[in-house]
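Here is a short briefing on one protein model with a ligand. Please look over the sequence and the 3D view before reading on.

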Amino acid sequence: MGTAVITGAGSGMGRATAELYLSRDWQVIAIDIAANPGIASANLQWISADVRDRNSLETALAPAVAAAGGQIDCVANIAGVFPPTTLETYTTENFKFIFEVNVLGVLNVTAACVPYMKSGSSIVNFASVDGFTVSPGQLLYGASKSAVIMITKSLALELAPKGIRVNGIAPGWVATPGNAATGRMDEAAKSIPLGRVAQPSEIAEWVWLLSDPTKAGFVDGETIVISGGDVMR
Ligand SMILES: NC(=O)c1ccc[n+]([C@@H]2O[C@H](COP(=O)([O-])OP(=O)(O)OC[C@H]3O[C@@H](n4cnc5c(N)ncnc54)[C@H](O)[C@@H]3O)[C@@H](O)[C@H]2O)c1
């Protein structure tokens with residue numbers, strides 16, 4: 001048992017990850033720009049904050065970590081945005097929005113959490129298969145997730161002397177509310193070698209696995225593709 005900081009806990013994989021850690025009796029400090037969607041647990045502290053705002057994060061995190069026992073054992077950087085963009089549709093505004101949430105957000109949350117982390121703790125950053133292979137219409141999102149993959153390696157190197165491991169997860173198609181709303185999931189499943197999309201809960205299990213020093217203690221700077229064989233690299 002320990003304390004996990006989980007961003008994006010308001011929906012999809014972040015919510016599934018928060019629920020998994022709570023089900024295993026961990027303390028969870030959830031960070032989301034949105035309100036708690038209804039996760040009920042005495043072990044949950046909800047911080048409504050924007051991952052783009054480092055000062056607010058640091059201010060809100062200090063009392064929450066103190067209330068959880070003073071230490072963070074796992075950070076899952078899951079909050080992300082994925083509006084489509086192309087050369088024709090990109091703007092300075094959507095560039096800033098996508099990179100500030102997906103890239104600056106990972107840095108801000110990591111920087112805010114590291115002072116509370118000891119040797120043996122771990123950080124898991126959510127990238128995407130789109131960070132490895134081109135997804136048409138996801139010009140800036142793909143670039144932002146490539147940045148997350150590179151940041152994961154750089155931070156792994158920077159934090160290794162403290163005994164903090166940093167890894168990434170690059171999901172393919174996952175049955176999240178956002179994807180369900182596109183109505184394209186059944187069609188997408190047909191082109192995936194394993195013939196289905198992933199469930200958020202099975203992605204959450206990989207956060208758990210990567211954070212476990214007894215199982216993944218020698219995995220560092222890696223971003224694991226979980227796509228049912230959709231992407232081979
Ligand atoms: N859904 C997929 O198939 C898929 C595939 C590959 C990668 N990903 C990545 O996985 C992560 C989770 O995806 P999901 O589909 O579960 O997302 P989601 O849209 O269901 O949930 C994202 C959460 O992040 C929060 N959020 C957004 N901006 C924020 C901000 N500025 N500050 C704080 N919180 C913020 C939202 O409020 C929301 O609760 C994202 O990083 C996404 O890019 C998703």
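Predicted model: local features only at pLDDT ≥ 70, side-chain atom pairs only at ≥ 80, totals over all residues.

Residues are numbered from 1 along each chain as its sequence is written. The protein averages a pLDDT of 97; pLDDT is the predictor's confidence in each residue, from 0 to 100.

**Confidence**

- 100% of the residues score at least 70.
- Confidence is highest in strand 1 (residues 3–7), at 99. It is lowest in helix 5 (residues 177–182), at a mean of 84.
- Helices (H or I, at least four residues) and strands (E, at least two) are DSSP runs, numbered from the N terminus.

**Ligand shell**

- The ligand is surrounded by 29 residues. A residue counts as near a molecule or strand if its C-beta atom, placed from the backbone, lies within 6 Å of it.
- The closest are G8, G10, S11, G12 and G80.
- Helix 1 (12–23), helix 3 (92–113) and helix 5 each contribute at least two residues to the shell.
- The shell has 14 nonpolar, twelve polar and three charged residues. Here Ala, Val, Leu, Ile, Met, Phe, Trp, Tyr, Cys and Pro count as nonpolar, Asp, Glu, Lys and Arg as charged, and the others, Gly among them, as polar.

- Ten of the twelve residues of helix 1 are buried, so the helix is largely enclosed by the rest of the structure. A residue is buried if 20 or more other C-beta atoms lie within 10 Å of its own, exposed if 12 or fewer, and partly exposed in between, with C-beta atoms placed from the backbone.
- Among the buried residues of helix 1 are M13, R15, L20 and Y21.
- At 1.5 Å a residue, helix 1 should span 16 Å, and its end C-alpha atoms are 17 Å apart, which agrees. The expected span is 1.5 Å times one less than the number of residues.
- G12 lies in helix 1. G12 is buried, with 23 other C-beta atoms within 10 Å.
- G12 touches T176, P177, G178 and P200, leaving aside residues up to four places away in sequence. Contact means that the two C-beta atoms, placed from the backbone, lie within 7 Å.
- The C-alpha atoms of G12 and A175 are 8.0 Å apart, although 163 residues separate them along the chain.
- S11 sits in the loop between strand 1 and helix 1. S11 is partly exposed, with 17 other C-beta atoms within 10 Å.
- S11 touches P37 and P177, again leaving aside residues up to four places away in sequence.
- D25 is in the loop between helix 1 and strand 2 (27–32). D25 is exposed, with 10 other C-beta atoms within 10 Å.
- D25 has a positive phi of about 65° although it is not a glycine. Most residues other than glycine have a negative phi.

- Strand 4 (residues 72–77) and strand 5 pair in the parallel sense over five bridges. Two strands pair if DSSP finds at least two bridges between them.
- V75 has I123 in strand 5 as its bridge partner.
- Strand 5 (residues 117–126) also runs parallel to strand 6, with five bridges joining them. S122 stands opposite R165 in strand 6.
- Seven of the ten residues of strand 5 are buried.
- Strand 6 (residues 165–171) has seven of its seven residues buried, so it is largely enclosed by the rest of the structure.
- Both faces of strand 6 are covered, with R165, N167, I169 and P171 on one side and V166, G168 and A170 on the other.
- Strand 6 pairs with strand 7 (residues 223–226) in the parallel sense over four bridges. A170 has V225 in strand 7 as its bridge partner, and G168 stands opposite T223.

**Helix 4**

- Helix 4 (residues 139–159) has 21 residues and reaches 30 Å from its first C-alpha to its last, close to the 30 Å expected.
- Buried residues of helix 4 include L139, Y141, K145, V148 and L159.
- Helix 3, strand 5, strand 6 and strand 7 are among the elements that cover the buried residues of helix 4.
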